[in-house]
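Visitor: I am new to this structure and would rather see one part carefully than everything at once. Please take a close look at a single sheet for me, and then lead me on from there to some of its surroundings in the chain.

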Amino acid sequence: MLKRWSIACTMLLCWLVCDVKAQVPNVNGEVRSVVVHNNTLIFGGNFQSVEQFTGNAALVTTTAFFPRDFAVVNPVPIANGAVNAAVPDGVGGFFLGGNFSNVDGTVLNNLAHVDDNGNVTTSWLPNPNGPVNALALNGNTLYVGGNFTQLQPPGQTATALNNAAALDVQNLASVSIAGWNPNVNGLVNTLVLNAGAGVIYIGGAFTQVGNAAHPNIAQVNLTTGAIGANWRAPIPSAQVRAIAIDGNNLFIGGDFQQIGTNTRNFMAKLDNRGRLKGWSKNFGAAVYAVVIDGNNLFAGGAFLTVGAKTRHRLVKISKGSDATTKSWNPGANGLVRTLALNGATLLVGGDFTTLSGAARNRAGRVGTANSSSAADAWNPNLSAAAHCIVVDGTDVLLGGAFNSLAVAHTNIGAVNLTSGFLDPDWNHNVNSTIRSMVLGGNITDRKLVAGGNFTLVNGIIRQRLCRFDADDATLEGWNPRANGQVNVVALSSATGINASVYIGGDFSVITQGVTNFPRNRAASVDLSTGNVQSWNPDINNSVHAICRIGQFVYVGGAFSRVNVSSTNTARSLVAQFEATNGIVSAGWDARAQTGLNKAVLAIEPSPGGTVLLGGDFDGFFVGGTATSRRFIGQVTQATGALSNWTAGDDPNLLGASNVVRDIQSIGGNEVLIAGDFTLVGDDAAGRIARLDASVNGDNVLALTTNVNNGDVFSLAVNGNDLCFGGTFSSVNGETQDRLACDPAVLPKPAVFPSAMTGASERKMLFLSPAHPNPASAQTELSFMLAEDAEAEAALIDLRGALQFLVFRGRCRAGVPVPLHLSLNNLPAGVYLLRLSALGKQAASAIVVEP
């Protein structure tokens with residue numbers, strides 16, 4: 001459960017200036033906690049992989065398969081086809097061909113260029129009117145083959161070109177169509193250059209090239225497009241899918257079973273004039289890909305046998321006249337469409353889900369030596385078929401019908417909310433569940449504290465607690481250790497070396513260095529040093545929620561007793577403690593109804609000096625009488641008395657229809673709640689609801705997010721966008737597994753108070769007077785900014801000495817931020833609430849009476 005680090009934990013909401021443009025990844029296990037930092041959504045839980053959405057093309061490397069932020073083709077949902085071909089441009093970018101109409105948000109058809117940063121070259125839009133299946137680059141000339149009849153760049157007259165074309169790509173500021181026109185009368189599958197000989201080979205499903213009979217394969221001049229002067233027309237009986245050049249010879253594969261009158265089942269060898277050679281292998285089905293490696297060739301396709309030998313879709317054969325089938329035999333359980341050599345390894349792509357007996361979804365890599373055909377660790381894990389694999393140095397361009405690849409992640413990850421791409425710095429190996437995370441520290445040095453079941457992070461001992469640098473994802477040396485599960489981490493109001501991390505769970509000891517500190521289910525440690533502090537509520541059962549408000553810490557869980565070793569005080573599922581020493585507040589006694597598996601799971605401040613409680617309880621006891629408040633209720637901060645507020649206005653369901661797991665304030669009087677409910681009162685609510693916490697009844701506000709098939713555990717707000725994690729499988733009717741960000745679902749106020757339209761100093765920030773003032777125990781005030789920005793509110797005395805930090809976080813423009821101050825421990829006197837934001841300051845005086 002996510003809790004915030006501010007003393008006014010009401011408002012640490014990570015309001016960021018960002019519009020979500022990309023779909024966040026699917027996750028293959030539950031997401032327990034989410035936070036947003038610098039436009040990055042960090043998520044933790046119990047999962048092993050994350051499905052990175054890439055569109056139909058992804059750039060990975062030969063040493064890893066973590067995708068670069070590159071070439072997002074047809075941003076999901078995919079609607080119009082695949083990437084069939086790619087070729088490096090020589091300076092880090094790629095030309096891409098396929099059956100698409102959009103690349104990274106740019107409308108274009110079937111042929112595109114992306115630079116080395118993955119940016120689409122929007123000035124270069126050839127727009128072939130049909131699919132592109134093959135590309136070949138020779139100097140500044142790009143050869144294109146497919147199933148089109150014309151190219152028509154924007155603003156230009158269409159140029160008739162049947163299934164093959166060439167473009168001058170020396171300058172991509174505009175489209176320059178070359179005069180090369182072989183005029184192929186049918187589908188082109190492959191283009192293979194022999195630049196030294198000045199020719200290019202075309203393979204496909206056609207009968208004529210240049211108005212002459214040349215079925216399924218032809219050699220044409222690179223400059224004129226005319227048929228090669230010495231080319232004799234072989235006659236494959238069906239389409240050619242693959243061509244590999246070996247000196248003066250060609251190896252061709254496809255669907256044919258004859259070349260002229262000669263039997264050649266699915267593969268043949270020709271000389272460079274098109275004459276059939278004696279080399280012959282009897283493949284059992286079509287060959288889709290062929291590559292040459294020294295004295296051998298590798299072939300992939302649909303076959304299960306080669307001659308008398310069993311070879312499932314992959315084979316290695318001597319290219320010499322003996323055509324020996326080698327012992328190399330990795331095998332794939334589905335169609336192999338594409339092959340690419342990389343040193344002593346072979347990259348394989350297609351429709352398969354196992355390669356050499358190992359789970360490899362549509363792409364994998366095997367050794368090329370006869371004794372090394374096992375699949376190695378390279379595993380992009382594609383969601384659908386790979387149609388092309390192109391190696392460019394250490395980069396590998398994958399293209400196909402897929403829209404995502406699954407990246408190995410163990411229990412923590414992060415995604416950029418603009419691009420939708422995973423941050424590789426957050427790919428830590430956490431060996432068990434992360435259950436809670438919180439951001440703390442000062443604005444320039446943010447820390448991410450995580451708690452859960454884990455004992456190792458990247459092989460380093462971290463027993464159920466760890467701390468990362470939130471900016472660069474570095475695991476830090478901070479190392480307090482819990483001997484049992486940590487369910488929640490939350491932060492105090494203090495900054496710098498005085499900050500405290502509150503910890504709740506099922507542990508009984510917190511260890512600092514070699515010293516063990518008895519701490520039953522709740523403790524606090526120093527955010528900077530990890531030193532165990534004296535705060536010790538001593539609770540008899542699980543703790544699930546902690547939130548500090550002013551000088552008190554509110555704790556929720558499944559317990560019935562607190563301060564067990566001293567007063568052994570009865571408290572039913574929730575209690576209020578002094579922030580300094582952990583002593584339970586004697587007069588505060590909110591009693592949630594107990595029972596099997598019932599607990600308070602979420603705590604959040606609410607208007608009028610109240611606290612919202614969420615969980616799986618059925619109600620509260622008031623004066624010994626059970627009062628219905630299903631899964632959510634509101635009590636006073638001062639005494640714990642039940643307020644009149646109910647969620648929804650159905651007298652038969654005062655609350656939610658099922659468990660409430662998280663509560664987040666979003667400005668003004670509004671809160672978001674999340675869990676496993678489908679109703680709040682009699683209003684439909686799909687696991688997330690937006691409520692007015694100041695209005696009793698009829699307080700369910702409009703929210704378009706509808707989550708299906710599972711719980712929501714944790715919420716984070718990013719500008720007007722709502723991010724969340726859990727166990728769900730769809731959002732708003734679309735498949736989305738366990739992690740989501742629903743853009744622009746929260747209203748952004750456009751009306752500013754009159755106080756913000758006056759003098760320039762008041763125009764940028766507004767701070768209300770405190771009420772009541774003078775105050776004795778508590779007071780309230782609020783502030784508002786004219787622009788989205790970081791803000792800090794601190795209570796200081798007249799000498800400028802900090803008493804405590806009230807708020808620190810990012811705020812949305814025009815959204816009131818309520819501040820609730822508990823003043824019980826302050827001496828009588830005059831204090832200032834100082835607001836700092838947008839390079840300016842404002843202050844409001846508060847008089848504290850005895």
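This is a predicted model: local features need pLDDT of at least 70, side-chain atom pairs count only at pLDDT 80 or more; totals for chains, interfaces and linings use all residues.

Guide: Strands here are DSSP runs of type E with at least two residues, helices are runs of type H or I with at least four, and both are numbered from the N terminus; two strands count as paired if DSSP finds at least two bridges between them. By that rule E46 and strand E49, which covers residues 509–512, are joined in the antiparallel sense by 2 bridges, and one place to look is arginine 481, whose bridge partner in E49 is threonine 511. Strands of a sheet pair through backbone hydrogen bonds, in a parallel or an antiparallel way.

Another open sheet of 3 strands has the order E27-E28-E31, again with antiparallel pairing. Strand E27 (287–293) and strand E31 (314–318) are at its edges with a single partner strand each, so one side of each has no neighbour in the sheet. On average, neighbouring strands of this sheet are turned by 20° against each other, direction ignored, where the axes are lines fitted to C-alpha atoms (for helices over the stretch in contact) and angles run from 0 to 180 degrees between N-to-C directions. Strand E28, residues 296–301, pairs with E31 over 5 bridges in the antiparallel sense, and phenylalanine 298 is found opposite lysine 316 in E31.

Strand E33 shows how covered a strand can be: 6 of its 6 residues, from 345–350, are buried, a word that stands for under 20% relative accessible area, with exposed meaning over 50% and partly exposed in between (1.4 Å probe, protein chains only). Thr345, Leu347 and Gly349 point one way from E33, while Leu346, Val348 and Gly350 point the other way, and all are buried. In a regular strand, side chains alternate between the two faces of the sheet. E33 pairs antiparallel with strand E32 (residues 336–342) over 6 bridges, with asparagine 342 opposite threonine 345. These two strands form a hairpin with 2 residues between them, and glycine 343 in the turn has a positive phi of about 60°. E33 is also joined to strand E36 (residues 363–367) by 5 bridges, again running antiparallel, and glycine 349 has alanine 363 as its bridge partner there.

Strand E5 (residues 57–61) is likewise mostly covered, with 5 of its 5 residues buried. It pairs antiparallel with strand E38 (residues 395–400) over 5 bridges, among them one in which leucine 59 meets leucine 397.

Stepping back to the chain, its secondary structure comes to 1 helix and 81 strands, and 59% of its 850 residues are buried. Its C-alpha atoms fill a box of roughly 105 × 60 × 50 Å along the principal axes.

Residues are numbered from 1 along each chain as its sequence is written. Local features need pLDDT of at least 70 and side-chain atom pairs count only at pLDDT 80 or more, whereas totals for chains, interfaces and linings use all residues, and side-chain values use heavy atoms, with hydrogens and water left out.
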